[in-house]
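Here's a walk through one structure, from the inside out.

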Amino acid sequence: MAKKSEVKESSLLYQRLKAAMQDGIKVWFETRDKSYFGIPIGIDRDFVEVLILVPGSDDESSEYIFQRVTWVVRLASISAVAYPSEYWSADRLENLLAKSALNTES
């Protein structure tokens, strides 16, 4: 009898994907075979549904045509997830790095 693989709703992966879905945030995640970058639009204990916008084909008359592709991915096959946690301007980043350097020198 095969062991059923599922991700518990309390797992960090599930929590981050659910939060991204609720906030409409794009995520990037890796599986063994493929990378995905899109907005989660559905999630349950076993799968996440991800909406991905793909540029239209070269033979389209307009350069602004996109196709919507939806992937349903098994949560248990995801090995890594990246998501934005905070945006910094270049000035703010430089200030934070300078403060960090001062703190380590003290």
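This is a predicted model: local features need pLDDT of at least 70, side-chain atom pairs count only at pLDDT 80 or more; totals for chains, interfaces and linings use all residues.

L75 sits in the loop between β4 (66–74) and β5 (78–82). L75 has a relative accessible area of 1%, so it counts as buried. For that label, buried is under 20% relative accessible area, exposed is over 50%, and partly exposed is in between, using a 1.4 Å probe and protein chains only.

Residues are numbered from 1 along each chain as its sequence is written, and side-chain values use heavy atoms, with hydrogens and water left out.

Now the overall layout. The protein chain has 2 helices and 5 strands, and along the sequence they run α-β-β-β-β-β-α. Of its 106 residues, 19% are buried. Contact means heavy atoms within 4.5 Å; among contacts between residues at least 6 apart in sequence, 48% join residues at least 24 apart. The chain exposes about 8,300 Å², and carbon and sulfur atoms supply 52% of that. Accessible areas come from the Shrake-Rupley method with a 1.4 Å probe, and for residues only the protein chains shown count as cover.

Which residues have the most contacts inside the largest nonpolar core? They are L17, F29, I43, V48, V73, L75 and I78, in a core of 13 residues. The elements giving two or more residues to this core are α1 (12–23), β1 (27–31), β2 (35–43) and β3 (47–55). A nonpolar core is a set of buried Ala, Val, Leu, Ile, Met, Phe, Trp, Tyr and Cys residues joined through side-chain atoms within 4.5 Å. In soluble globular proteins, nonpolar side chains tend to be buried together.

L17, leaving aside neighbours within four places in sequence, is in contact with V27, P40, I43, V48, L75, I78 and V81. V48, in strand β3, is buried at a relative accessible area of 0%.

T31 is in strand β1, and it counts as buried because its relative accessibility is 12%. Not counting residues up to four places away in sequence, T31 touches Y36, V73, S77, I78 and S79.

That brings us to the rings. The structure holds 2 aromatic pairs. One is Y36 with W71, edge-to-face, at 5.1 Å centre to centre and 70 degrees between the planes. This pair links Y36 in strand β2 to W71 in strand β4, 35 residues apart. Rings of Phe, Tyr and Trp (its six-membered ring) pair if their centres lie within 6.5 Å; planes under 30 degrees apart count as stacked, over 60 as edge-to-face and the rest as tilted. Y36 is buried at 9% relative accessibility, whereas W71 is partly exposed at 33% relative accessible area. Ring pairs join F29, Y36 and W71 into a cluster.

K34, in the loop between β1 and β2, is in contact with F29 and W71 once neighbours within four places in sequence are left aside. K34 is partly exposed, with a relative accessible area of 37%.

Here are two C-alpha separations to check in your viewer:

| Pair | Apart along the chain | C-alpha separation |
|---|---|---|
| L13 and A76 | 63 residues | 9.7 Å |
| K34 and I78 | 44 residues | 9.5 Å |

L13 itself is in helix α1 and is partly exposed, at a relative accessible area of 22%.

Last, the outside. W88, L93, L96 and L97 form a nonpolar surface patch with about 370 Å² of accessible area together. Patches are made of residues with over 30% relative accessible area and no salt bridge, with like charges joined within 9 Å and nonpolar side chains (Val, Leu, Ile, Met, Phe, Trp, Tyr) within 5 Å. A salt bridge is a side-chain nitrogen of Lys or Arg within 4 Å of a carboxyl oxygen of Asp or Glu. L97 is in helix α2 (residues 90–105) and counts as exposed at 54% relative accessibility.

Methods
Helices (H or I, at least four residues) and strands (E, at least two) are DSSP runs, numbered from the N terminus.
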